[in-house]
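Hello,

I am handing over the structure we talked about. Please open it alongside this email; my notes follow below.

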Amino acid sequence: AVTHGAPTPGLCIVSVENAIGASTVGKYVNTRLQQLVAQVNAELNAEKTGIDNDAKALDGQRATLDQNTLEQRAAALQVRANALQRKAQQRDREIQATEQKAINRVGTEMEPLIRQAYQQKQCSMLINRNSIILGNPASDITPQVVTALNAKITQFAFDRERLDAPAPTAAAPAAAAPRR
């Protein structure tokens, strides 16, 4: 246990991360992201299982296939495995983009609430809780922000962001119309 000195008048602290994590909407975002990750994993695992089964079947046919056919089928399997790896990387980027967009939305909803709590407590300075080692809990406005956020929003609909595969770069048009 730590004994704190008197709170410094006008000095307040807040933890945006803790406010998001403790809020109803933050918990909803976390649960929804877990659902999206499970959907992605189901999609990727189904494809991986198909590739693995085809690889086992090809291995079982190794003795009966001529070398050329064996190499062609192995190459086709490798193409599928490489495509799956690229898809998995893309899905990972999509999940990251989805998480960032959802957290940004919560942050946008929370920003005026932080200002409101700051003014209600008559703060003259607000410090990020993660920037200090210890602080008097009486200076922390995070609980007020969580309460206000819970009253404002508890959930919002969002799905996985879709990031299209990068398009091949095309040459720039020879004569672009001048801007006016």
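**What was found**

The count comes to 1 disulfide in this predicted model, taking a disulfide as a pair of cysteine sulfur atoms within 2.5 Å. Cys12 and Cys123 form the bond, with an S to S distance of 1.9 Å. The two cysteines are 111 residues apart, so the pair links distant parts of the chain. Cys12 sits in strand E1 (residues 11-14). Cys123 lies in the loop between helix H3 (67-120) and strand E2 (125-128). Both Cys12 and Cys123 are buried. The torsion about their S-S bond is about -85 degrees, so the disulfide is left-handed.

Next, a helix pair. H3 packs against helix H4 (residues 142-152). Their axes are 9 Å apart, at an angle of about 130 degrees. That angle makes H3 oblique to H4. The crossing of H3 past H4 is right-handed. On the H3 side, the contact is made by Val106, Glu109, Met110, Pro112, Leu113, Ile114 and Ala117. H4 brings Gln144, Val145, Ala148, Leu149 and Lys152. By type, the contact residues are 9 nonpolar, 1 polar and 2 charged.

One more residue to look up: Gln35. Gln35 is in helix H2 (residues 24-60). Its relative accessible area is 39%, so Gln35 is partly exposed. Gln35 and Arg160 are 125 residues apart along the chain. Their C-alpha atoms are separated by 10.0 Å.

Best wishes

Definitions and conventions
Residues numbered from 1 in each chain as written. Predicted model: local features only at pLDDT ≥ 70, side-chain atom pairs only at ≥ 80, totals over all residues. Heavy atoms only, no water. Helix = DSSP H or I, 4+ residues; strand = E, 2+ residues; numbered from the N terminus. Buried < 20%, exposed > 50% of the residue type's maximum accessible area, 1.4 Å probe, protein only. Axes fitted to C-alpha atoms, helices over the stretch in contact; angles between N-to-C directions. Parallel < 35°, antiparallel > 145°, perpendicular 65-115°, else oblique. Left-handed = near helix turned anticlockwise from the far one by under 90°. Contact = heavy atoms within 4.5 Å. Nonpolar A, V, L, I, M, F, W, Y, C, P; charged D, E, K, R; others polar.
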